[in-house]
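This briefing covers strand pairing, aromatic contacts and helix packing. Please have the coordinates open while reading.

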Amino acid sequence: MGIPSADWLVRPIGPVDEAEVSAVLAERFGVTGTVHDLGSQQDRNYRVRTETGDYVLKIANPAADPAALRAQCAAVERLADASGLRLPRAHAGVDGEVVQWLSAGGVELVCRLLDYVPGEPIMDSRYLAPPVVARLGELAGRVVAGLADFAGVEQERPQLWDLRNALTVVETLAPHLPDQERAARVLRASRAAHTLLEPFVDRLPVQVIHGDVTDNNVVCEPASDGRRMPVGVIDFGDLGLGWTVAELAVTCASVLHHHGAGPASVLPAVHAFHAVRPLANEEVDALWPLVVLRTSVMVVSGQYDTLLDPGNSYASVALDREWAMFEAAVSVPAEVVTAQLRHALGRPSARLLPVAEHALLPGLPDDVASLDLSVSSEELHTGRWLAPDAETVLARATLTAGHTAVRTRHGEFRLTRTTVDDSVPAATCALGVELHLTGPAEIRAPWAGTVTRHGDTGVTLHTGGLDLLLDGVAAEVQPGPVVSGRRLGTVAAHEGVRVLGIQLFRSCATGGRPPRFAPPELAAGWLEVCPDPTRLFLALDAPDASSSAPDDAPLSARDAQQAITEAELLERREHSFATVQEHYFETPPQIERGWRHHLVDTRGRGYLDMLNNVTILGHGHPGLGEAVHRQWRRLNTNSRFHYASVVELSERITGLLPAELDTVFLVNSGSEAVDLALRLAWAATGRQDVVAVEEAYHGWTYASDAVSTSIADNPNALASRPPWVHTVAAPNSYRGRHRGPQARRYAPEAAARIRELADQGRPLAAFVCEPYYGNAGGMALPDGYLRQVYEATRDVGGLCVADEVQVGYGRLGSHFWGFEQQGVVPDIVTVAKAMGNGHPLGAVITRRDIADAYRTQGYFFSSAGGSPVSSVVGLTVLDALRDEDLQTNAREIGAHLKGRLLELAERHALIGAVHGSGLYLGVEFVRDRESLEPATEETAAICDRLRELGVIVQPTSDRQCVLKIKPPLCLTRRSADVFADALDDVLTHGW
């Protein structure tokens, strides 16, 4: 095979003998040290270690221009003075020149000695988090801003990596590559991208750019969360004149080979670059075609280099990475990504549709019913949306109700397209509409064009750059030109159903047909390319219920309105809702739907809920919803009225507890329950002193907050306790002062403290403790702990309070109540959360004599506690726990999940321990298994990444380094595996 020749093609140089390198260092630069070959695609780079510091000796390709190398050094000096980046500044030789010469194999080569810039690259395929991608874009922006008026480059000949030459490079090299199938793909993609770029080439600003601010040419240092954040730029070998926006294109392209990356992954880089150096409209339009061209050049040049230098492992190793970038760049039409970029920067296009000269379906009535398939749909309740035929069933039901036609809505994020147990977001945004009909309907061309056929019932009408795609047509027209108003056929009948799919598509340079649905992250771009066809068959004065935006508005406006609504809602929350009532995640999804152990946001993204210990039955429980609905229609009042449900609930609860716990107070929340429990102890004992365990959370009322010692919830918890609250050490057998077998010492120490207080004249009213340590991460108390502490408490006349708000109701799997695991019986039990499955309901259960003692304080009353609706909720939850055998499910699925997590701990050093039982688990992350340094920042970042993979989980413990795993008890084995697999993905590929 012949080797192509062009003045921008550079033949790589071979290795240079290290003895020659050492000699040049000593002779030319006065430096002695050890030398290590760093590898390079066309030049040679050697790391030089000396007693005074480290350097890089760069030996340039014979084709390199010494003047260009001096310009690179000057550019670095310019940026070093202005950018604050770590940069490879050049060191002059003994003669004062930064450029020196050496002879190797009879060839004169140019070399320079540069500072070794400390740090690591991020070229490996690990996941790049949005903040890291943003930093790459910021660095690219700072470089071009710093070089904006740099005039030290005279570029006389074309450069390989100058994207102004990209198509020429590809067309020259592609025919000579070994894999001609790939070469043909790259050629087609490059020509299509160049076609999109042509209108802007004369309007794009040109300046000196680095040309290679990529994951391989930035150095990083670990941030506190373990992510590698770029702090410097190296390798100015591609410095030269080029389009300014090409700098960003090169950076974006380098993101695309990383784990899980796609076109939408570059948005943080674009935003960050734009914030430093604003992009003009034509630069935004040119950006993605340039990304495609950059990846195309990388593919062909990489194969060319291995062809010329088969032994160059640096070039050959990069081939798969370069192909992955190309595949990602062309995975979505460039026009779609461009529209998405414009939308993200607040510059949506304003292209209007041509006016229809004839109605598409002239016999259709104006009162076509609109089908609501959105996340807020009232018709798609009780999980019906998961059925594969949900859309058809709902459409048929609407037609049966008396309508002759039903339409779906364009731009709607359909709940029926949401997937669960899937780390990849489903394509949920409708790019067309479907029309369901009870009778025949003729179809006519709304404007003149050319007809083609696809499949048995597909017709496409091509008009200029716009295609009308129809599916479900009994076609009568032959392929070829048609005039406006020409009858195309009728809506085809299939098994007694007539459904017409209608979609508009602005033809893309890459050709092909659009998908029917778009993923949420690219919805705005696809909606620009696939505008709303509703006005083709619906009267112009008929409102579109899918949006308040007019149907003839620019089509990306519909999606823009949805995005603005979510952002505005968060802003309104922050203005009207006290900010100390924090929300999960910095940019939280707007969750509006739940079903079992899944949540769904407004864009149809499904999430696995591994966090929600409130909804023990799961979300959207049909039996609970029906029971509440019935009771609301009958009666809801307060518990001072006499009715059956409050009696039944009280009896059911006491029936689940030891016989002596026979009296129930019904309240609104866990905080109120703990508060009341303490007041009962005060009344029954005539004392106030309480002992609480450190690192615990019990609530927000005065008394429950006073005994809450977790500094995660209140940094001042230990310092701000009232004098009647005393603490004992957290019985943490993993990281407390007594660990492993030594944890047995916690109980006698706590008992001794209780007796010591009594000897000091401060005998306890109560000892309060979670019987299974929840706030610390789902951790069992040491065996026998409560038995010894309860005995000491009762010896001094105090009462024992078991806070079961988080752990009770079967969550442990092995026991219904947490205190059962310790083999004790408390004097007072508090419960909430699970008791109401999200409804505000809690209870305090105690002995009759303790309850009666409260009379000395007056009377107790809770407005909503024990109301008819609340009581029915409590009864229904208990019925479901029993009938659905959820405690058994917690035991079996929890054991499976814990086994999966323990297996992950064997492979991932970040996991220090796996705590818990049943579906009350915690995964504790540590930076070092010996010191147990908490991986607090890493845990937060891992939670963010898990959310991107469709899993909702949050940190817990005072150190915020434990994943809180307390899902609804209906969790399935499949979902448990999805969570474990997602966590494995994050720990393997990064966060």
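The points below are grouped by topic, after a note on conventions.

This is a predicted model, in which local features need pLDDT of at least 70, side-chain atom pairs count only at pLDDT 80 or more, and totals for chains, interfaces and linings use all residues. Residues are numbered from 1 along each chain as its sequence is written, and side-chain values use heavy atoms, with hydrogens and water left out. Helices (H or I, at least four residues) and strands (E, at least two) are DSSP runs, numbered from the N terminus.

- Strand 15 is joined to strand 21 (residues 487–491) by three bridges, and the two run antiparallel.
- Opposite I443 stands G489 of strand 21.

- Strand 34 (residues 842–846) has five of its five residues buried, so the rest of the structure largely encloses it; buried means under 20% relative accessible area, exposed over 50%, and partly exposed in between (1.4 Å probe, protein chains only).
- In a regular strand the side chains alternate between the two faces of the sheet.
- On strand 34 both faces are covered, with G842, V844 and T846 buried on one side and A843 and I845 buried on the other.
- Strand 28 (residues 663–667) pairs with strand 34 in the antiparallel sense over five bridges, and V664 stands opposite I845 of strand 34.
- Strand 33 (residues 828–831) also pairs antiparallel with strand 34, over four bridges, and V844 in strand 34 is the bridge partner of T830.

**Aromatic pairs**

- Rings of Phe, Tyr and Trp (its six-membered ring) pair if their centres lie within 6.5 Å; planes under 30 degrees apart count as stacked, over 60 as edge-to-face and the rest as tilted.
- The count by this rule is twelve aromatic pairs.
- W682 and W724 have ring centres 5.1 Å apart and planes at 90 degrees, so this pair is edge-to-face.
- W682 belongs to helix 16 (residues 670–685) and W724 to the loop between helix 17 (702–706) and strand 30 (725–728), so the pair ties together parts 42 residues apart in sequence.
- W682 and W724 are both buried.
- F816 and W817 are another edge-to-face pair, at 5.2 Å centre to centre with 75 degrees between the planes.
- F816 counts as buried at 15% relative accessibility, and W817 is buried with a relative accessible area of 0%.
- Y809, F816, W817 and F819 are linked into a cluster by ring pairs.

**Charges over rings**

- The charged end of R640 sits over the ring of F861, 3.9 Å from its centre; the rule requires NZ of Lys or CZ of Arg within 6 Å of the ring centre and within 35 degrees of the ring normal.
- R947 lies over the face of F585, 5.1 Å from the ring centre.

**Helix packing**

- Helix 8 (residues 281–308) packs with helix 10 (residues 334–344) at an angle of about 140 degrees, with the axes 8 Å apart.
- Helix 8 and helix 10 are therefore oblique to each other; angles under 35 degrees count as roughly parallel, over 145 as roughly antiparallel, 65 to 115 as roughly perpendicular and the rest as oblique.

Conventions:
Pairing = 2+ DSSP bridges. Axes fitted to C-alpha atoms, helices over the stretch in contact; angles between N-to-C directions.
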